[in-house]
Amino acid sequence: MDTQHHLAKIPRWLATTLVVAAILYATIAPHPAGADELPMFPGVDKVVHFIMFATLAVALLFDLSRSKKATSAGRVMAVAGVAAILFGAVDELLQECLTDNRSGEALDWLADAGGVTAVLLIFSAWRQRHQP
């Protein structure tokens with residue numbers, strides 16, 4: 001069996017749903033598991049935000065590209081980018097409004113957007129290189 005066949009068996013939106021759930025747990029839960037074990041250095045939270053939202057961008061690209069409505073790679077990239085960056089803003093608002101021990105920060109949102117942008121740039125370069 002080829003890889004396409006195996007990927008087709010993954011339920012639609014499972015990747016994005018799992019990543020969104022993990023992000024919400026990590027950013028909204030009062031004491032997420034493993035947070036105390038993170039190596040602490042100035043800006044570690046920005047690195048974590050960058051990685052979480054880069055992962056979300058990959059999941060969105062994967063799920064959107066499998067959608068029956070996917071008309072072009074450019075549109076998939078645009079929708080994935082806008083959706084992930086908007087979710088980053090919503091996540092910061094949720095932290096501000098729903099938690100006592102966290103606050104929404106513009107710099108966290110910029111780190112989110114940076115992770116998304118990095119993935120979109122890498123995906124775009126990969127597409128250009130591997131396009132027939």
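Buried means under 20% relative accessible area, exposed means over 50%, and partly exposed lies in between (1.4 Å probe, protein chains only). The model is predicted: local features need pLDDT of at least 70 and side-chain atom pairs count only at pLDDT 80 or more, while totals for chains, interfaces and linings use all residues. Residues are numbered from 1 along each chain as its sequence is written, and side-chain values use heavy atoms, with hydrogens and water left out.

**Exercise 1. Fold outline**

Task: State how many helices and strands the protein chain has, and give its pattern along the sequence.

Solution. 
Step 1. Helices (H or I, at least four residues) and strands (E, at least two) are DSSP runs, numbered from the N terminus.
Step 2. The protein chain has 5 helices and 0 strands, and its pattern reads α-α-α-α-α.
Step 3. The C-alpha trace spans about 50 × 25 × 25 Å along its principal axes.
Step 4. Of the 132 residues in the protein chain, 28% are buried.
Step 5. With contact meaning heavy atoms within 4.5 Å, residues 24 or more positions apart account for 75% of the contacts that have a separation of 6 or more.

**Exercise 2. Aromatic pairs**

Task: Find the aromatic pairs and classify each by the angle between the planes.

Solution. 
Step 1. Rings of Phe, Tyr and Trp (its six-membered ring) pair if their centres lie within 6.5 Å; planes under 30 degrees apart count as stacked, over 60 as edge-to-face and the rest as tilted.
Step 2. This rule gives 2 aromatic pairs.
Step 3. Phenylalanine 53 and phenylalanine 87 are 5.9 Å apart centre to centre with 35 degrees between the planes, a tilted pair.
Step 4. This pair links distant parts of the chain, 34 residues apart: phenylalanine 53 lies in helix 3 (residues 44-66) and phenylalanine 87 in helix 4 (residues 73-98).
Step 5. Phenylalanine 53 is buried because its relative accessibility is 0%; phenylalanine 87 is buried at 16%.
Step 6. Phenylalanine 123 and tryptophan 126 form a stacked pair, at 6.2 Å centre to centre and 25 degrees between the planes.
Step 7. Both residues lie in helix 5 (residues 106-130), 3 residues apart, about one turn of the helix.
Step 8. Phenylalanine 123 is partly exposed at 23% relative accessibility, and tryptophan 126 is partly exposed at 48%.

**Exercise 3. Salt bridges**

Task: Count the salt bridges in the whole structure, and say which residues are joined into one network.

Solution. 
Step 1. A salt bridge is a side-chain nitrogen of Lys or Arg within 4 Å of a carboxyl oxygen of Asp or Glu.
Step 2. The search finds 4 salt bridges.
Step 3. Lysine 46 meets aspartate 45 at 2.7 Å, N to O, and lysine 46 also bridges to glutamate 105, with the closest N and O atoms 3.1 Å apart.
Step 4. Aspartate 45 is partly exposed at 31%, lysine 46 at 21% and glutamate 105 at 32%.
Step 5. Aspartate 63 and arginine 66 form a salt bridge of 3.8 Å, N to O; they are 3 residues apart in helix 3, so about one helical turn separates them.
Step 6. Aspartate 63 is buried at 4% relative accessibility, whereas arginine 66 is partly exposed at 21%.
Step 7. Shared partners join Asp45, Lys46, Glu105 and Asp108 into one network of salt bridges.
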